[in-house]
Amino acid sequence: MKTLYFDNSATTVTDQKVMEAIAEYNCERYFNPSSNTSRSIEVAQSIRTVKDQVLNRLGAHGNIIFTSGGTESDNLAILGSIKNNTTLNIVTSRVEHPAVFNTINSLKSKGFDIRYVDVEGDGHIEQTSLEKAVNDKTQLVAIMHVNNESGAINDVYALSKAVKAINKNALFFSDGVQAYGRIDCRLDKSQVDLYSISAHKIHGGKGCGALFVKDGVNLNPIIFGGGQQANLRSGTENVPSIMGLGIATELAYSDLERNSKEFARYKSTILSGLEGVDCINLCKEGCPSILSLLFRDIKSEILQHILEDKYGIIVGIGSACNSKNKFDRVLAEIGVPKDYIEGLVRISFCKFNTAEDVSVLTMALRQEVCALQKVLKGKNR
Amino acid sequence: MESNKDKIIIIRYSEIHLKGNNRGFFENALVTNIKRALEGFTFSLQKTSGRYLLSKYDHNREDEIAERVRCVFGVYSYSIGYAVKTDIDAIDEIANLLMEDISGTFRVNANRADKKFGLNSMQIAAEIGGRILSRNAKLSVNLHNPEHILYVDVRETGNTLVYSNVIRAVNGMPVGTSGKGVLLLSGGIDSPVACYLIAKRGMSIRALHFHSYPYTSQNARLKVLELAKILKRYTINLTVDIISVTEIQTEIHEKCNEDYMITLLRRFMMKIANIIADKEDCKAIITGESLGQVASQTIESITCTNEIAQVPVLRPLIAYDKDEIIEVAKRIKTFDTSILPYEDCCTVFLPKSPATKPKLWVVEREEQKLDCKGLIERALATLETVTI
């Protein structure tokens with residue numbers, strides 16, 4: 001059975017061109033970039049090129065630190081930037097990715113004052129709530145660019161400016177893992193200080209991410225060793241994957257506009273195909289590649305299994321079913337009604353999806369959701 | 001020097017001692033089980049009076065081997081020590097090895113089976129004890145309540161066993177000496193503990209797991225197989241039959257009184273367990289039920305499910321409190337896997353108010369609404385057998 005993959009916010013298939021670069025830098029240009037041989041210096045130069053590519057896409061001045069992925073980038077941004085002064089506060093939201101939410105939560109036990117801002121019904125951060133939370137004691141604000149569950153896009157330009165207007169010393173960090181390569185992520189007009197990205201979300205292969213650090217921002221390392229990457233991230237650089245990130249970046253941005261239009265058509269096909277089905281479109285104006293639907297009376301895990309087994313369709317679901325805790329943290333914070341809270345299906349597109357695949361998905365969703373709603377009616381209450 | 005001393009593991013049993021004419025049957029089962037538990041290792045296992053000596057094993061993997069021996073039902077205790085030529089200086093060399101780095105009080109327990117050896121038990125203990133004392137000033141003798149005991153066992157074979165520790169094992173009876181039973185293995189905390197306790201009394205186990213895919217996750221299935229792997233340390237052999245009850249559940253959900261969902265489902269499970277028991281020559285059905293723990297484990301619920309069973313239903317946890325069950329689950333290392341958050345089939349379609357005192361006549365009336373024979377046949381058609 002052919003796999004119809006619609007969970008591209010979880011991960012993506014690695015692009016063939018990326019695979020070729022990974023192979024080249026594993027098998028031919030495998031030299032350690034920290035050595036002094038000509039070959040190594042060439043490899044170091046290649047890394048430099050990828051840095052420039054990423055900086056260019058972000059349209060910002062600063063440094064790029066390559067990491068093992070989004071989670072490490074988020075940890076480095078938070079743990080590497082905060083001052084060990086518990087009279088200062090950290091402002092964030094309860095809808096952040098676990099890599100941010102749990103890292104900041106871990107600071108609570110050390111006495112840090114953590115302030116959470118409110119979110120709107122689709123997962124957006126409320127700017128007024130943010131402005132209330134930030135004060136002259138704020139050292140770090142962590143607000144994601146695109147919400148990984150709802151697809152809501154936060155206006156990090158406006159939010160970062162609002163924060164700096166209150167406290168110019170507060171650092172603004174944004175987790176850009178779901179945004180990078182999927183929407184315009186130029187930071188030049190923003191006041192964003194730190195921005196994390198990941199390669200495997202954009203067909204770049206797993207095990208590689210990066211953190212943008214704006215000029216003038218002081219960062220401390222969280223990994224120690226040989227002092228690579230200006231002592232900010234020790235460990236020999238994952239050169240093949242860094243090269244993959246460079247290629248994935250170029251491919252993502254060269255196709256961005258066309259893909260976004262295509263994805264909008266896909267969304268429209270699915271939504272019109274589901275007309276009459278009891279469901280909520282969680283975020284109507286969100287990231288083009290993400291369509292998050294909440295189906296009434298459904299446990300999305302069951303639907304996920306049926307779609308995979310009967311049709312080869314892979315979709316994402318909320319984390320509700322993977323936890324003893326019946327309620328997904330993000331959906332609970334957003335205020336999703338009880339009858340819908342276990343029914344989140346996240347459909348996320350990529351350039352390899354086709355209109356035919358989307359038609360199959362729509363038909364399958366309609367059929368299986370209706371059948372399941374009949375069986376499970378009232379079971380979530 | 002290495003050639004004069006061999007590391008050994010002395011394995012002891014207890015309850016088998018009480019057996020009469022059929023003692024050989026139990027001893028053979030124990031030897032077979034120890035050998036199976038140590039499959040993949042090289043070793044030599046020798047039976048001596050009332051114990052077994054394990055030797056010629058890879059010393060680098062001694063901890064792993066000892067742990068496997070500890071988990072074999074029928075093994076009461078074991079000691080790790082040395083076998084040396086029966087010679088007072090050779091014995092003393094080992095005594096020095098075992099006692100040189102310790103402090104506190106000690107005594108020497110000597111036993112002489114080889115009456116030809118020049119010193120009797122008392123003299124051996126005095127001689128070795130004296131030599132230990134002369135070398136280690138941090139030790140003193142206490143014959144009644146010592147912190148350390150050095151055991152010297154002069155055997156008739158010309159060898160002497162020297163060791164300083166006796167480690168309690170799981171005890172019980174060798175698996176396979178009390179027939180075979182079908183265990184209803186859910187993936188929760190209780191049924192693995194029930195498995196352990198019944199296997200401890202010598203019963204071979206065939207596990208039966210019911211799932212409700214796609215209403216439950218494939219991870220629930222993997223979790224059960226992971227539990228089975230852990231349990232195999234104790235059960236020696238373990239086969240898991242996996243059967244889907246999805247259709248049964250959806251049919252009950254659609255056609256029957258919702259409050260009777262669990263009672264009806266459990267009766268189906270019992271009917272299927274009867275069939276497996278008959279096919280696999282199992283003499284009992286084993287469940288992890290604990291009286292009153294949940295709605296399906298009240299005496300009225302148990303009456304409704306028990307009525308179906310065609311072989312005795314063994315419920316080793318019937319009088320256990322949850323914390324007592326958890327204590328065993330932690331000890332046998334199933335707890336961490338059991339609490340992984342994958343729902344089992346009983347939690348799908350859970351009624352809002354399950355019947356805590358189901359009536360048999362109601363149960364039978366509800367079953368009339370279902371094609372029980374067809375449902376069971378189709379459930380059995382989904383049978384997948386996994387040998388762990």
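Into which domains is chain B divided? In this predicted model, chain B consists of domain 1 (2-168) and domain 2 (180-387), the bounds coming from an automatic or database domain assignment.

## Basis of the description

This is a predicted model in which local features need pLDDT of at least 70 and side-chain atom pairs count only at pLDDT 80 or more, while totals for chains, interfaces and linings use all residues. Residues are numbered from 1 along each chain as its sequence is written, chains are lettered from A and ligands numbered from 1 in the order in which they are written, and side-chain values use heavy atoms, with hydrogens and water left out.

## The sheet of chain A

Seven strands of chain A form an open sheet with mixed pairing, in the order S2-S8-S7-S6-S5-S3-S4 (strands are DSSP runs of E, at least two residues, and helices runs of H or I, at least four, numbered from the N terminus; two strands pair if DSSP finds at least two bridges between them). Strands S2 (62-67) and S4 (113-117) of chain A stand at the edges with a single partner strand each, so one side of each is left without a neighbour in the sheet.

Within this sheet, S6 (residues 171-175) and S7 (residues 194-198) of chain A pair in the parallel sense over three bridges, and A:Ser174 has A:Tyr195 in S7(A) as its bridge partner.

## The domain interface of chain B

The C-alpha centres of domain 1 and domain 2 of chain B lie 43 Å apart. Eight residues of domain 1 of chain B are in contact with eight residues of domain 2 of chain B (heavy atoms within 4.5 Å).
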